[in-house]
Amino acid sequence: MAARGGAGRGGAMLPPAGVRERVRAVHGGAALPELLRRYDGWAGRYEQDVAALEYRAPHLAAASLAFAFPAPPAGARVLDVGCGTGLVARELQRRGFGCLHGVDGSAGMLERARGTGLYRQLQRCVLGREPLPGPAEHYDAVTVVGALGEGQVPCSALPELLRVTKPGGFLCLTTRSNPSNLRYKAELEAALQRLEQQGAWQKVLAQEVERWERATEEEESVQGTGYISGVVYIYRKCPVPPLEEG
């Protein structure tokens with residue numbers, strides 16, 4: 001028998017119960033080893049579940065990055081942080097990005113990503129706990145789609161993303177705007193603003209999207225629609241200023 005969704009108090013249909021349970025499991029504040037174990041266990045059903053959620057972040061992020069990119073992207077080196085099973089890579093490839101590297105903390109997710117054949121390099125890395133496996137100023141663009149949220153990648157990891165980005169390169173970040181993530185979103189936006197004020201990068205785009213994905217709880221949905229909202233940010237790393245003579 002197929003899993004069935006349930007109606008929330010406002011009448012909007014929620015995703016199937018199994019999907020809701022697996023999403024709750026990775027957003028429930030588990031300790032890191034347990035969180036990674038849950039992602040490993042989810043890898044086989046992940047794409048089926050996010051399809052049920054109508055998860056649009058990979059499409060929206062890739063489209064935003066392609067719009068901002070000033071040159072043909074085929075030779076651009078892109079790091080997909082928290083790459084999961086490769087959903088962002090698929091969207092980037094459709095838009096002409098061909099040199100993709102990926103990192104993720106979950107070995108199970110990386111195994112799925114490797115099976116896509118879309119990445120030139122894949123490595124395990126837990127962002128926020130260890131440095132990214134790349135030299136400084138190595139990437140033309142860095143994406144973090146779906147991993148910036150409560151109980152996931154901490155805001156303190158932003159300087160590490162900047163470290164591996166070339167001067168003039170782009171950073172494409174997303175987060176959710178549902179009630180349980182609003183504290184994290186406020187902390188993230190404060191950190192983004194501080195880095196801009198420090199001259200580390202310039203904001204290119206901040207786009208709020210209402211139907212980001214289906215809500216897993218009625219109280220998380222936007223005005224009883226059954227969906228949560230989210231936001232895509234594009235920043236451009238400021239070029240290194242020239243040395244003053246004298």
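Accessible areas here come from the Shrake-Rupley method with a 1.4 Å probe, and for residues only the protein chains shown count as cover. On that basis the protein chain exposes about 12000 Å². Carbon and sulfur atoms supply 50% of that area.

This is a predicted model: local features need pLDDT of at least 70, side-chain atom pairs count only at pLDDT 80 or more, and totals for chains, interfaces and linings use all residues. Residues are numbered from 1 along each chain as its sequence is written, and side-chain values use heavy atoms, leaving out hydrogens and water.

Start with the overall build. The protein chain holds 8 helices and 9 strands; these are DSSP runs, numbered from the N terminus, with helices (H or I) of at least four residues and strands (E) of at least two. Its C-alpha trace spans about 75 × 35 × 35 Å along the principal axes.

Now look inside. Of the 246 residues, 51% are buried, that is, under 20% relative accessible area with a 1.4 Å probe, counting protein chains only. The largest nonpolar core has 41 residues. Such a core is a set of buried Ala, Val, Leu, Ile, Met, Phe, Trp, Tyr and Cys residues joined through side-chain atoms within 4.5 Å. Leu 65, Leu 92, Phe 97 and Tyr 119 have the most contacts inside this core. Helix H4 (residues 57-68) gives the most to it, with 6 residues.

Follow one residue. Leu 65 touches, among others, Leu 92, Phe 97 and Phe 170, not counting residues up to four places away in sequence; contact means heavy atoms within 4.5 Å. A second, separate core of 29 residues includes Tyr 139, Leu 161, Tyr 184 and Trp 201.

Conventions:
Buried < 20%, exposed > 50% of the residue type's maximum accessible area, 1.4 Å probe, protein only.
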